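Visitor: Hi! Could we look at this one together? I have a few quick questions.

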Amino acid sequence: MSNRSTARQPLTDETTEKAAPVGGGRSTWWGVCLWLPACVGFAAMAAWAAFAVGRHFSPLLVFPLAVGLVVGASLVAMTRLFQMGHRPTAWLAVGLSAAAVVGGQHYFSYRAAVAEADRQSEQFQKTQAAFGDLVQGSLPPRPAGFVDYLRAEAKSGRPLKTVFGRCTARGAMAWLAWAVDGLLVLTPAVVMMRFALRRPFCRRCGSWYAPRRGGQLDDRTIRRLAGEFNLSLNDAAGGGHYRLICCNQGCAPSGFSLSWEEPPGNARSSLVWLDDRQLARAVEILDEARRATDSTT
Ligand SMILES: [Zn+2]
């Protein structure tokens, strides 16, 4: 049995977690051949949605961050939903999805520019056929390709609306602004996945650990549990809650996190890994506490 105590404030769920005594998931054919392409496909759809929304509303910095949050949350949900526990595959999905969502927005913008150029050309030819030489002028050139379009866009400049006023990023500055956008998409996705992958994965039954039971604890029960699992508890400690995390099949060990307050207002937490016998003992104490609470209400 191992345990860890922290004295952080404020306390979050993640601070109570550490690598479980079991390793990450193994690489699987379906993870690489199905799950990974599905993530990238989803990112391509997110790119289209971001492009459609961004044409009308795309506040500087906030918009790419929001896109990154959506992509990150979706990828974390995909790992949990499909019990994809192979960490390198998950990181590859983050990298490829961020590239797909950033590159995809530029690509859909390019396709829209080509469609608009074709529409204008057709309109121009119709007008010329109807009015002949009365129609003068020329149309802007149609983008010759994706890279050509990006170069032309960078050359003409990207308008930026900031709190200090409007400015236009041209040339290298336009490319730099796009790179910053890309990083703003990538960063939230990386942070979310990093936290998600801190949760243990059981190789035996191939599932992520998940909270199975939790709640508030009275001072007496906290002391009983602390005594049972050798946690150092201040005499004035109190006001705690617990959480029991297990894999789908309940393979040992199970994670038991205990959080409590210690004067002067320090939030402390501890995570212990329990074998079957210890888990049964913890459940027994918790059930007794629940029965005691039920009988007094
Ligand atoms: Zn398991």
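Visitor: Which residues touch the most other members in the largest nonpolar core?
Guide: In this predicted model, they are Val 71, Ala 98, Val 101, Val 185 and Ala 189, out of 22 residues in that core. A nonpolar core here is a set of buried Ala, Val, Leu, Ile, Met, Phe, Trp, Tyr and Cys residues joined through C-beta atoms within 7 Å. Buried means 20 or more other C-beta atoms within 10 Å of the residue's own, exposed 12 or fewer, and partly exposed in between, with C-beta atoms placed from the backbone.

Visitor: And which elements give two or more residues to this core?
Guide: Helix H1 (29-54), H2, H3 and helix H5 (172-197) do. Helices (H or I, at least four residues) and strands (E, at least two) are DSSP runs, numbered from the N terminus.

Visitor: What is Val 101 in contact with?
Guide: Setting aside neighbours within four places in sequence, Val 101 contacts Ala 43, Ala 46, Ala 47, Ala 50, Val 67, Val 71 and Val 185. Contact means C-beta atoms, placed from the backbone, within 7 Å.

Visitor: How do H2 and H3 cross?
Guide: The axes of H2 (residues 62-81) and H3 (residues 87-131) come within 11 Å and cross at roughly 145°. Those axes are lines fitted to C-alpha atoms over the stretch in contact, with angles from 0 to 180 degrees between N-to-C directions.

Visitor: Which residues make the contact?
Guide: H2 brings Val 67, Val 71, Leu 75 and Thr 79, while H3 brings Ala 90, Ala 93, Val 94, Ser 97, Ala 98 and Val 101.

Visitor: New topic: is Thr 221 buried or exposed?
Guide: Thr 221 is buried, because 20 other C-beta atoms lie within 10 Å. This residue is found in helix H6 (residues 219-228). Not counting residues up to four places away in sequence, Thr 221 touches Ile 285 and Ala 289.

Visitor: Where else does Ala 289 turn up?
Guide: Ala 289 is in a second, separate core of 14 residues, which also includes Phe 256, Leu 271 and Val 272.

Visitor: How many bridges join E6 to E7?
Guide: Seven bridges join strand E6 (residues 210-217) to strand E7 (residues 238-246), and the two run antiparallel. Strands pair if DSSP finds at least two bridges between them. Gly 215 has Tyr 242 of E7 as its bridge partner.

Visitor: What about E7 and E8?
Guide: E7 and strand E8 (residues 254-262) pair in the antiparallel sense over six bridges. Gly 238 has Glu 261 of E8 as its bridge partner.

Visitor: Last one: what are the numbering and confidence rules?
Guide: Residues are numbered from 1 along each chain as its sequence is written. Local features need pLDDT of at least 70 and side-chain atom pairs count only at pLDDT 80 or more, while totals for chains, interfaces and linings use all residues.

Technical notes
Contact = placed C-beta atoms within 7 Å.
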